[in-house]
Amino acid sequence: MKKRELWFGLGMIAGGILFLLAALLLETPLDSLFCGFFGAFTAPGAVQVYKYVKWTKLETADSYQRHLEEEQIELRDERKEMLRNKSGRYAYNLGLLAAAVSMTAFSILGKLGIVEESASRLMILFLAGYMVFQILAGWVLYRLLDKKY
């Protein structure tokens, strides 16, 4: 394993500690977010450091090399690549469908007075912007990949 992966993990832990210090020392309405960011940075950083320590032990050097070779075979497997592409397309379509259904639900809730009209309108506009972004991003990325390959 490369040394930069260790440094990246340590940097993630340091970032998490900074968020924890910010949550403890600053009195802001963002304290709960800072605590969440503490966990979001510290846990993956600790896992990265653990992986580095585990795979750089002398007795695991051969097993790490085998692990890398198996990982490369898995990444280049055509069937699995096709399944990853198909699952990504399904997730994209489900995301668009979920945004459309949410827009309808917020519209109904706003008209019935369950949700304040201005909040409903804001959520609808946000979800509409998200849908436009998703459609444009899908189209642009498809064009870029089509030109590349």
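I take helices (H or I, at least four residues) and strands (E, at least two) as DSSP runs, numbered from the N terminus. By that rule Q134 lies in helix 5.

I am working on a predicted model, where local features need pLDDT of at least 70, side-chain atom pairs count only at pLDDT 80 or more, and totals for chains, interfaces and linings use all residues. I number residues from 1 along each chain as its sequence is written, and side-chain values use heavy atoms, with hydrogens and water left out.

**Q134.** Is Q134 buried or exposed? I call a residue buried under 20% relative accessible area, exposed over 50%, and partly exposed in between (1.4 Å probe, protein chains only). Q134 counts as buried because its relative accessibility is 16%. I then looked up its contacts, meaning heavy atoms within 4.5 Å. Leaving aside neighbours within four places in sequence, Q134 is in contact with Y92 and L96.

**Core.** I define a nonpolar core as a set of buried Ala, Val, Leu, Ile, Met, Phe, Trp, Tyr and Cys residues joined through side-chain atoms within 4.5 Å. The largest one has 5 residues: L96, A99, M103, L127 and M131. Helix 4 (78-112) and helix 5 (117-148) are the elements that give two or more residues to this core. Helix 4 gives the most, with 3 residues. I also checked M103: not counting residues up to four places away in sequence, M103 touches I124, L127, A128 and M131.

**Helix 4.** I compared its length with the expected span, which is 1.5 Å times one less than the number of residues. Helix 4 has 35 residues and reaches 51 Å from first C-alpha to last, close to the 51 Å expected. Its buried residues are G95, L96, A99, M103 and G110. What covers them includes helix 5. Just after helix 4, G113 takes a positive phi of about 85°. I also looked up T104, which lies in helix 4. T104 is partly exposed because its relative accessible area is 46%. T104 and Y130 are 26 residues apart in sequence and 14 Å apart in space, C-alpha to C-alpha.

**Helix 5.** The 32 residues of helix 5 should span 46 Å, and its end C-alpha atoms are 46 Å apart, which agrees. S120, L127, M131 and Q134 are buried in helix 5. The buried residues of helix 5 pack against helix 4. I find S120 buried, with a relative accessible area of 2%. Not counting residues up to four places away in sequence, S120 touches F106, S107, G110 and V115.

**Salt bridges.** I count a side-chain nitrogen of Lys or Arg within 4 Å of a carboxyl oxygen of Asp or Glu. The structure holds 3 of them. E74 pairs with K80, the closest N and O atoms being 2.3 Å apart. E74 is partly exposed at 39% relative accessibility, and K80 is partly exposed at 29%. The side chains of K111 and E117 meet at 3.9 Å, N to O. K111 is exposed, with a relative accessible area of 63%. E117 is partly exposed, with 32%. E117 also forms a salt bridge with R121, the closest N and O atoms being 3.9 Å apart. How are E117 and R121 separated in helix 5? They are 4 residues apart, so about one helical turn separates them. I log K111, E117 and R121 as linked in a network of salt bridges.
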